[in-house]
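Here is a colleague's note to read beside the model. Take the points in order and keep the structure open as you go.

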Amino acid sequence: MSAPLARTGSLRRCARGLRPHRWLMAGACAAALGSMFAGLSMPLVVQRLVDGPVAHKDMAALPWTVAAFTLLGVGEAVLLGARRLLVVRPSTRLETTLRADLFRHVQRLPSSFHTQWSSGQLLSRTVSDIAELGRFFAFSAVYLMVNTAALLAGLGVLAYLSPFLALIVLVTYLPMVAATIVFEKRFHVAARSAQDQSGDLTTTVEESVLGIRVLKAFGRGPETVQRFTAQARALRGTELRKLSLTAALWWLITALPELGIVALMGFGGYGTATGSLTLGTLMAAITVATYMRWPADTLGWLIADASTAASAADRYWQLRDAPLAVREPAAPRPLPRPLRGELRVEDVHYRLPGAPEAVLRGIDLTVRPGTTLALIGATGSGKSTLVSLLSRLDDPTHGRITLDGADLRDLSLDALRSVVTCAFDDPVLFSGTVRDNVALGLPPEEHGDARIWEALRLAHAADFVAALPEQLATRVGEEGVGLSGGQRQRLALARAVLPRPAVLVLDNALSALDVHTEREVEAALRTVMAKVTTVVVAHRPATLRAADQVALIADGRVAATGTHDELMASDEHYRHLLRSPVNDLVPDGPPGRDPARKVRA
Amino acid sequence: MPEDRQRNDTAAPGSTATGPTPAPAPDVDHAAHEADGRPDDRQLRTRRNQMLRALLGPERRRLTRAVALALLENVCALVTPLLIAAAIDRGVPAAADGRWGPLTAYAALALSAGLASATLKYGFLRYSGNIAQTLLFRLRCRTFAHAVRLPLAYHESAPSGSVVARLSSDVESVEEVLEMGLDGLFSALFSMVGTVAVMLWLDLPMAAVVLALFLPLYLLTRWFRDRSRRAYRRTRGVTEQIVQHTGETYNGIRAVQAFRKEGENSARLRELDTGYATARAASGRVSAVFSGGVKLIGNLSLALLLALGAIRIADGHLEAGALTAFLLYVHRLYDPIDELASFANAFSAASAGLERIGVLFHTPDTLPEPARPRLLPAVPAPGRVRFEKVRFRYTAASPHVLDGLDLELEPGRTVALVGTTGAGKSTLAKLLARLYDPTGGRVTLDGADLCEVADAELRSGICMVTQEPFLFSGSVADNIALGRPDATRAEIAAAAEAVGAHDFISGLAEGYDTDVRKRGAGLSAGQRQLVALARVMLAAPRVLILDEATSSMDAPTERAVHAALHRVLTGRTALIIAHSLTTAAIADRVLVLENGAVVEDGPPAELATGDGPFAHLYCGWLSATGGRPHHPARH
């Protein structure tokens, strides 16, 4: 019992959320206790009835005793209902408070945190673990107290009836409580592995469905079914082990009280026969012992549940206590006015927490207002990390980034993110309308449909949005209409240009567009966003050529800067990064690549 | 535990017994089940029952034995109160006279009945649990095997979540019922019938009192069942919305932060959580009223029994022991009612789950294994493909995508398919991969009609590699070995070497044994392509179909992939669906498709210099990728 009790620290921390409702919780405990005592007192009335009116054939006392019994019976029932009613509010409020708090916290955690945690894990903590805690406080916590009280009270009543009978019950019930604790612990282990195995099974199903094309292409269906069958068989084995534990426990908790009751009958019968006990006392003792069965069998289960809940609480606090690396400054400085949009990256280093090597190792770059900087580099060179620092999705571990001379960390997050906007290569659409998604983060009074259409036109998204069944009001996202990757990217781009930012960050934001559309979108962006400082991660020559400045990132450092033409002429690595495979395969360049020459030909 | 195995970004919070299970979207299958319209309720039930019979059939004998065990257990449990009554009424007075025999005998009998009941219960639990688990095992395996066997057309039209939901939340709902069911249902039913029978035998008027109070109990239970079902649905609905909202937020956290959506998200969660609290409060009220009500009715029966019992004992119609037995029986009757009521909910969930699984089961396999499967003929130059007057349409209502296409692919040559979306490129590839059968004409490989070739033979002869290479959880080696499961490690390494993947694989933390799903070990898009190509190299099919990836890669990666592709294509008949003309350029022959017909056919270099559609596409593409390619060396 000590092991689970030692781990109640995080549970107690959760229980602080119950404080506003402590009177309701106290009321629920009182009701549970009251209902249990009413239930326990009923056998005492039965004793009076049997020893009084029944034994002496004295009907005068009958109405009173029956009335008393009825009263207790009604009381037990009403209090039982009251317990369930009273606990609803505190426990659901606890759940919603814990969830709101966690959700707010997780939303503010930096991207370094989010790359290390899958959203599935975060989700299970926000929903399942909290539900587990809610159930624990609504039920198990109350009964843990109440059942202990009831067992003690039951023993007290028995001792009052006959100390000897109380001893018999104690001797038979105590091993039951001990055994349940041991069994529950072992059961818990089996249940955990069953849970894992069933998770594996689900993973196999998910993968097989997602990778069905591969399975069909290679004809690997039968092997996959075999693997699934083996996993399902393993799961069945674990389930059967769980079952044999449950069955053994059942045997024990059925047999032991039975033994106790028979012992009561034997010894009590002897006592009654020899006159040391009344018949009513014996009947009352048997009924009390029967009544104590439930609190006794459930005690072990409740303790096990407390330990499960404690693990859920640990997981909750592990997440809730994750440090907020990107902090709001205590006294944010106002945005420089007028905002010119000059970005300076000064000796910026970045290392993921716990990683042995830094991703960025001293980046220095200056982007003059209204110009475009293109970043190019091989996969893993740190381009994407660098651009994520520009809107403080994370902070540099060393060095600083300034916007018109102001360190980004001195600006309020809200102000910064309203003037630095981004579009990423994996465009995320949230459940909602096209309008909601494009005007994301803007208050409704700051944008009208006209401005949204303008942004859509700029992103070359106006045509397909106009063709949607309800145009701007069409629902997109998980349950909305399906859009192609290129369409989603264009909506994400419209979202980034709508607020008329001072700095626009495009992280491979047009990668899913075909080359024609990409060029058209870029041309449109250039004319309208001439005043906007733009940082773009790209690897297509046309994009790079259009940039005022290109920075080649290698190994977390700026390996070279210059215009596209300069780098083409001077930098072998740059040329290597850009050389298209078609040139390798058709050594002299493809015939007819020059439309003019083709006409001449 | 950040390295937990939650790999899917949209993964719901696991399949914990306690967690909210992800929604088995209710209409999910109907989309896929279009052809014959939405099956009506009766059909659904019939299918469900057929499936149950098929699953339970082999267990009939064991089921009968389980029922017999449950019956015996209940008989033993029923006897105990009677023995207590006898001990009080006969044993005690006899003992008072100095005869201890009867009391000892009753006590011994009660003890053995108790032990027997416990032991039988133990046996029943294990036995019925075994049946239940076998049943679940069979249900899982058959459903999965069927789902995997279903043609690609099914998987393309049904949302990927639906098969997963069938095998997770739906099977779990069945499991839940089986767990509480076989035990709870049998015991509760038998003990109810048995208890009432014994009561009637003991004393008719007293039994009548107990029975009379069954009426309010019945009404209360019915009320509860309706209300709790509604409350349960509401809670479940809101929980699903919370799961969706938080999941979506966590998935798109970068956009959330960059566009300052945090406050809006929290407000939305508050709104949902208010709904959640309301739904939970409603369900709490219903349960509170129900469990209080059941207790009240039980206690009132006890009070009435006491009053009536006292009078009847006074009249000499009843003995004190019998009254005790009645009191114990009433407890036995009322205790499991709470459980039975929740059983009703679980049962309806399981029944709906089984119906949905039944729908999946009844989805026909449109690409059956041929009745007399043949092998691919051994020919000197294997890999000759012929499309002979092939007609195809996706459904009977839709127009023909291909209408009488004739085409021959020569052995060992690479053919690129070029054309706009909807021109029929993918359809052509899918027919060659026998993911569909043509509606008219035939497709042959080395003279054998694909419809007549044994599936395993066909799959080793023709292999289709798709756009986004999918890697399964497991090691890099496992993923390559998918091409040929019996390959040795040396063969796997040789295949990787051949496509130029050996170097990067050796550089991974655990080389070929690196788990591809482990967070942090994530392979880049180019590396995944190489693994997928190594898979093909190992499978060494006669014919390769390649659906090229559309997403752009940086040039060095693209070069590596192209080089690998080149080696895979050498000496093999290949059909490539080309999205970029870079790929078309490496083919021996280009087919330009328009509206299901070949409008241009020839070597890429020749077509590019001509004046046809391919030359058109080619010029446009070149000017889009940057005017003219830079060749500083040639300046």
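1. **Confidence.** pLDDT is the predictor's confidence in each residue, on a scale from 0 to 100. For chain B the mean pLDDT is 77. In that chain, 84% of the residues reach 70 or more. For the complex, the predictor gives an ipTM of 0.80 and a pTM of 0.73.

2. **Ground rules.** This is a predicted model, where local features need pLDDT of at least 70, side-chain atom pairs count only at pLDDT 80 or more, and totals for chains, interfaces and linings use all residues. Residues are numbered from 1 along each chain as its sequence is written, while chains are lettered from A and ligands numbered from 1 in the order in which they are written.

3. Where pLDDT is low, the predicted coordinates should not be read in detail.

4. **The interface.** How many residues of chain A are in contact with chain B? The count is 151 residues of chain A, against 151 residues of chain B. Helix H9 (residues 221–274) of chain A gives the most to chain A's side, with 29 residues. Helices here are DSSP runs of H or I with at least four residues, strands are runs of E with at least two, and both are numbered from the N terminus. By class, chain A's side has 71 nonpolar, 49 polar and 31 charged residues. Nonpolar covers Ala, Val, Leu, Ile, Met, Phe, Trp, Tyr, Cys and Pro; charged covers Asp, Glu, Lys and Arg; the others, Gly among them, are polar.

5. **Domains of chain A.** The assignment gives domain 1 (8–162 + 277–320) and domain 2 (343–585). Such bounds come from an automatic or database domain assignment. The C-alpha centres of the two domains lie 56 Å apart.

6. **A covered strand in chain A.** Is strand S9 (residues 503–507) of chain A mostly covered or mostly open? Mostly covered: five of its five residues are buried. Buried means 20 or more other C-beta atoms within 10 Å of the residue's own, exposed means 12 or fewer, and partly exposed lies in between, with C-beta atoms placed from the backbone. Val503(A), Val505(A) and Asp507(A) point one way from S9(A). Leu504(A) and Leu506(A) point the other way.

7. **Neighbours of that strand.** S9(A) pairs in the parallel sense with strand S6 (residues 420–423) of chain A, over four bridges. Pairing requires at least two bridges found by DSSP. Leu506(A) is the bridge partner of Ala423(A). S9(A) also runs parallel to strand S10 (residues 533–537) of chain A, joined by five bridges. There, Thr533(A) partners Val503(A).

8. Strand S1 (residues 343–350) and strand S4 (residues 398–403) of chain A pair antiparallel over five bridges. Arg344(A) has Thr402(A) as its partner. Two bridges join S4(A) to strand S5 (residues 406–407) of chain A, also antiparallel. Here Thr402(A) stands opposite Asp407(A). S4(A) and S5(A) form a hairpin with two residues between them. In the turn, Asp404(A) has a positive phi of about 50 degrees.

9. **Chain B overall.** Chain B has 22 helices and ten strands. Of its 635 residues, 46% count as buried. Helix H13 (residues 425–432) of chain B has six of its eight residues buried, among them Leu428(B) and Leu431(B). Arg434(B) follows H13(B) and has a positive phi, near 45 degrees.

10. **One residue up close.** Thr557(B) lies in helix H19 (residues 555–569) of chain B. Why is Thr557(B) counted as buried? Because Thr557(B) has 21 C-beta neighbours inside 10 Å. Leaving aside neighbours within four places in sequence, Thr557(B) is in contact with Thr379(A) and Gly526(B).

Methods: Two residues are in contact if their C-beta atoms, placed from the backbone, lie within 7 Å.
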